[in-house]
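Please open the model in the viewer and follow the selections below in order.

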Amino acid sequence: MSTAAQTGHVSPSMCPHCAGTIGRRIRTVRAALGISQHVMALHLGIADKTIKNYEGGHRDPPSSLIAAICEQFRIDAAWLLLGDPSRPMFQHEQARVD
């Protein structure tokens, strides 16, 4: 797990992604956790291509998936939805990938 996942904060190099689209923030979550699109898709019960479409900005995730990302990976919902860099990415000290 990356340092960002351990500390719960976005590194300065990732902050530009905070202000981007929700797809970019999903990609930032994946990068911070050090997992592939395939692994994230498995944890969320969706197809790999679906994650790729969200990250690429081709589709917006439904609210149910946003809630699942926040719950499964302990992501702060306000950070994920709004991209507020003043908020920590993770809800708790450490993210989880079971």
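Select helix H4 (residues 37-44) and helix H6 (residues 63-73): the two are roughly perpendicular to each other, a term for angles of 65 to 115 degrees. They pack at an angle of about 100°, with their axes 10 Å apart; axes are lines fitted to C-alpha atoms over the stretch in contact, and angles run from 0 to 180 degrees between N-to-C directions. The model is predicted: local features need pLDDT of at least 70, side-chain atom pairs count only at pLDDT 80 or more, and totals for chains, interfaces and linings use all residues. Residues are numbered from 1 along each chain as its sequence is written, and side-chain values use heavy atoms, with hydrogens and water left out.

Next, display the side chains between these helices. Met 40, His 43 and Leu 44 of H4 meet Leu 65, Ala 68, Ile 69, Gln 72 and Phe 73 of H6, where contact means heavy atoms within 4.5 Å. These residues comprise 6 nonpolar, 2 polar and no charged.

Now select Arg 30 and Glu 55, which form a salt bridge with closest N and O atoms 2.5 Å apart (a side-chain nitrogen of Lys or Arg within 4 Å of a carboxyl oxygen of Asp or Glu). Arg 30 lies in helix H3 (residues 22-33) and Glu 55 in helix H5 (residues 48-55), so the pair ties together parts 25 residues apart in sequence. Both residues are buried, meaning under 20% relative accessible area with a 1.4 Å probe, protein chains only.

Move on to Arg 87 and Asp 76, a salt bridge with closest N and O atoms 2.6 Å apart. Asp 76 is buried, at 10% relative accessible area, whereas Arg 87 is partly exposed, at 35%.

Methods:
Helix = DSSP H or I, 4+ residues; strand = E, 2+ residues; numbered from the N terminus. Parallel < 35°, antiparallel > 145°, perpendicular 65-115°, else oblique. Nonpolar A, V, L, I, M, F, W, Y, C, P; charged D, E, K, R; others polar. Buried < 20%, exposed > 50% of the residue type's maximum accessible area, 1.4 Å probe, protein only.
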